[in-house]
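This report goes through a few features of one protein chain. Keep the sequence and the structure in view while reading.

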Amino acid sequence: MKYLFLIIGLAAAASVATYVRYDSLDPCVWLVHDAAGQSGLPPVAEEARVRAAFLVRGIAEPGPYDCLDAWWRLRFEGASQSQ
């Protein structure tokens, strides 16, 4: 039972930390925020670039899973380039 409380506490802490960093729990917002930070473009321009990249892949309305997948790829590429 104590492990259940530990897992719930860790999930709550991670959610709060994510909300504090991005002001949102939407992975599409995380993607635009981190992509703008890496490219140096303003967030509005980066959002247009991200939407265009989704359109090229045939995704007109990206869902949370699509954005989460793209966000993880962006973070992985950023980590591998900095090494």
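## The disulfide

A disulfide is a pair of cysteine sulfur atoms within 2.5 Å. By this rule, the count comes to one disulfide. The structure is a predicted model, and the values below are computed from it.

Which residues form the disulfide? The pair is C28 and C67, and their sulfur atoms lie 1.9 Å apart. C67 has a relative accessible area of 1%. Buried means under 20% relative accessible area, and C67 is therefore buried.

## Helices α1 and α2

Helix α1 covers residues 2-22 and helix α2 covers residues 27-39. The two pack at an angle of about 50 degrees, and their axes are 10 Å apart. Roughly parallel is kept for angles under 35 degrees, and roughly perpendicular for 65 to 115. α1 and α2 are therefore oblique to each other. Their crossing is left-handed.

On the α1 side, the residues that meet α2 are T18, R21 and Y22. On the α2 side they are V29, W30, H33 and D34. Sorted by class, the contact of α1 with α2 has three nonpolar, two polar and two charged residues.

R21 is placed in helix α1. Is R21 buried, partly exposed or exposed? With a relative accessibility of 47%, R21 counts as partly exposed. Leaving aside neighbours within four places in sequence, R21 is in contact with H33, D34 and R75. R21 and H33 are 12 residues apart in sequence, and from C-alpha to C-alpha they are 9.7 Å apart in space.

D23 sits in the loop between α1 and α2. The phi angle of D23 is near 60 degrees, which is a positive value in a residue other than glycine. Exposed means over 50% relative accessible area. D23 has a relative accessible area of 59%, so D23 is exposed.

## Helices α2 and α3

α2 also packs with α3, at an angle of about 110 degrees and with the axes 9 Å apart. That angle makes α2 roughly perpendicular to α3. The crossing of α2 and α3 is right-handed.

Which residues make this contact? From α2 they are L31, V32, A35, A36 and S39. From α3 they are P43, E46, E47, V50 and F54. By class, the contact of α2 with α3 has seven nonpolar, one polar and two charged residues.

## E46

E46 is found in helix α3, which covers residues 43-56. Is E46 buried or exposed? The relative accessibility of E46 is 0%, so E46 counts as buried.

What does E46 touch, leaving aside neighbours within four places in sequence? The residues in contact with E46 are V32, A35, A36, S39 and L41. Of these, V32, A35, A36 and S39 are also listed on the α2 side of the contact with α3.

Note on methods. Residues are numbered from 1 along each chain as its sequence is written. This is a predicted model: local features need pLDDT of at least 70, side-chain atom pairs count only at pLDDT 80 or more; totals for chains, interfaces and linings use all residues. Side-chain values use heavy atoms; hydrogens and water are left out. Axes are lines fitted to C-alpha atoms, for helices over the stretch in contact, and angles run from 0 to 180 degrees between N-to-C directions. Helices (H or I, at least four residues) and strands (E, at least two) are DSSP runs, numbered from the N terminus. Angles under 35 degrees count as roughly parallel, over 145 as roughly antiparallel, 65 to 115 as roughly perpendicular and the rest as oblique. A crossing is left-handed if the near helix is turned anticlockwise from the far one by less than a right angle, and right-handed if clockwise. Contact means heavy atoms within 4.5 Å. Ala, Val, Leu, Ile, Met, Phe, Trp, Tyr, Cys and Pro count as nonpolar, Asp, Glu, Lys and Arg as charged, and the others, Gly among them, as polar. Buried means under 20% relative accessible area, exposed over 50%, partly exposed in between (1.4 Å probe, protein chains only).
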